[in-house]
Amino acid sequence: MENRLMVQDGHLLAVFNSAHRIMKAESILKGRGLPILLIPAPRALSTDCGLALRFTDEEFDSIMEILTQENVLPAYVNRRINFEKYELIWNGENSIPLLHS
Amino acid sequence: MDTIDCRNMPCPAPVISVKKALEHSGEIRVLLDDGAPHENVTRFARNRGFTLQEEQSDNGWAVTITSGTPDNPTLPASPSGKPVFLVSSDRLGDGPEELGRLLMKNFIHTLLEAGDLPARMLFLNSGVRLTTEGSDVLEALDKLAGMGVEILSCGLCLDFFGIKDKLRAGSTTNMLAIVETILATDRIVRL
């Protein structure tokens, strides 16, 4: 039942504050060949547009670097700990990625 | 026993010829090209309870089809009473193409969280873009297939787009099977 979902433990989810921004981010990252997937955001995350970009820790640095260059940073990035539980690892107000702190 | 040569016939002609021949005879031998024609005809015959004997050769297949249970020749399209989804586009709704593609992707991903799943999802026209290489929903379709949803793509459509060898989810089907599914199902949902 549980593994049927698109988000599994350890996945990172970047949430943006608009549908246009997340679609732009998706198209830029895909253009650079990064393995990201635009999916409906889980109910546990609050989003304006109901969408999230899914990726893994390995791609975090390259993704954030590209999104910074292109000026389409997300509102925040969460990591799934377990079902319905997420930890905040990066947010817009904190420009130092929390992943490495 | 009659032999019918269905080699070089475009889809769905082989299935239709076999269906017609079986209406008049309890046993036929069919010559078929490898790939979709062979898959479609053998699936059609098996689904109808016929017994098959297959021989592969350099120029395709020779399949002997013998009647099994003539009293019950039609497979119920959706025996579970579950709906069948007809996905006739890679976009959901009218409007900007980009938004339509996003909505379709979102729909299929969200389906995974629904309690009731369709029995079958039939992909046709640009809908076959969703079941082929480069689609963003292959992971979700794999999961759906794992939960018992039958994923079928129109072979003619795959051929039209030149992506017959790029199918990455489910198997191919033909218009006869699609028509029969629609006629035999109470709940068709067109996306």
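In this predicted model, strand 1 of chain B runs parallel to strand 2 (residues 27–32) of chain B, and four bridges join the two. B:Asp5 has B:Leu31, in strand 2 of chain B, as its bridge partner. Helix 1 (residues 13–24) of chain B packs on the sheet and touches strand 1, strand 2 and strand 4 (60–66) of that chain. The direction of this helix makes about 165° with that of strand 2 of chain B. The predictor gives the complex an ipTM of 0.76 and a pTM of 0.71.

**Sheet of chain B**

- The four strands of this open sheet have the order 1-2-4-3, and their pairing is mixed.
- Strand 1 (2–5) and strand 3 (51–57) of chain B stand at the edges; each has a single partner strand, so one side of each has no neighbour in the sheet.
- From one strand to the next, the twist in this sheet averages 20°.
- Helix 2 (residues 36–47) of chain B lies across strand 2, strand 3 and strand 4 of chain B, and runs at about 10° to strand 4.

**B:Asp33**

- The loop between strand 2 and helix 2 of chain B holds B:Asp33.
- Beyond its neighbours within four places in sequence, B:Asp33 is in contact with B:Arg7, B:Asn8, B:His38 and B:Gly60.
- B:Thr110 is 77 residues from B:Asp33 in sequence, and the two C-alpha atoms are 39 Å apart in space.

**Confidence in chain B**

- The pLDDT of chain B averages 88, and 93% of the residues score at least 70.
- Residues 70–76 of chain B have a pLDDT below 50; this stretch has seven contacts in the model beyond near neighbours in sequence.

**Layout of chain A**

- Chain A has two helices and five strands, which follow the pattern β-α-β-β-α-β-β along the sequence.
- Of the 101 residues in chain A, 33% are buried.
- Among contacts in chain A with a separation of 6 or more, 60% come from residues 24 or more positions apart.

**Sheet of chain A**

- Chain A has an open sheet of five strands in the order 2-3-1-4-5, with antiparallel pairing.
- Which strands stand at the edges of the sheet? Strand 2 and strand 5 of chain A do; each has a single partner strand, so one side of each is left without a neighbour in the sheet.
- The twist in this sheet averages 35° from one strand to the next.
- Four bridges pair strand 1 (residues 12–15) of chain A with strand 4 of chain A in the antiparallel sense, and A:Val15 has A:Tyr76 as its bridge partner in strand 4.
- Helix 1 (residues 19–31) of chain A packs on the sheet, touching strand 2 and strand 3 (51–55) of chain A; the helix direction makes about 25° with that of strand 3.

**Hairpin of chain A**

- Strand 4 (residues 76–82) and strand 5 (residues 85–91) of chain A pair in the antiparallel sense over six bridges.
- These two strands form a hairpin with two residues between them, and A:Asn82 stands opposite A:Lys85 in strand 5 of chain A.
- A:Glu84, in the turn, has a positive phi of about 70°.

**Nonpolar cores**

- The largest nonpolar core has 52 residues; A:Leu13, A:Ala14, A:Ala52, A:Leu53, B:Leu122 and B:Phe123 touch the most other members.
- Another core, of 15 residues, lies apart from the largest one, and its members include B:Val18, B:Phe44, B:Ala45 and B:Val63.
- Leaving aside neighbours within four places in sequence, the contacts of A:Ala52 are A:Leu13, A:Ala14, A:Val15, A:Ile39, A:Ala41, A:Leu45 and A:Thr47.
- In soluble globular proteins, nonpolar side chains tend to be buried together.

**Contact between the chains**

- Eight residues from chain A and 12 residues from chain B take part in the contact.
- Which element gives the most to the side of chain A that touches chain B? Strand 2 (residues 37–40) of chain A does, with four residues.
- By class, that side of chain A has seven nonpolar residues, one charged residue and no polar residues.

Definitions and conventions: Residues are numbered from 1 along each chain as its sequence is written. Chains are lettered from A and ligands numbered from 1 in the order in which they are written. This is a predicted model: local features need pLDDT of at least 70, side-chain atom pairs count only at pLDDT 80 or more; totals for chains, interfaces and linings use all residues. A nonpolar core is a set of buried Ala, Val, Leu, Ile, Met, Phe, Trp, Tyr and Cys residues joined through C-beta atoms within 7 Å. A residue is buried if 20 or more other C-beta atoms lie within 10 Å of its own, exposed if 12 or fewer, and partly exposed in between; C-beta atoms are placed from the backbone. Two residues are in contact if their C-beta atoms, placed from the backbone, lie within 7 Å. Ala, Val, Leu, Ile, Met, Phe, Trp, Tyr, Cys and Pro count as nonpolar, Asp, Glu, Lys and Arg as charged, and the others, Gly among them, as polar. Two strands pair if DSSP finds at least two bridges between them. Axes are lines fitted to C-alpha atoms, for helices over the stretch in contact, and angles run from 0 to 180 degrees between N-to-C directions. pLDDT is the predictor's confidence in each residue, from 0 to 100.
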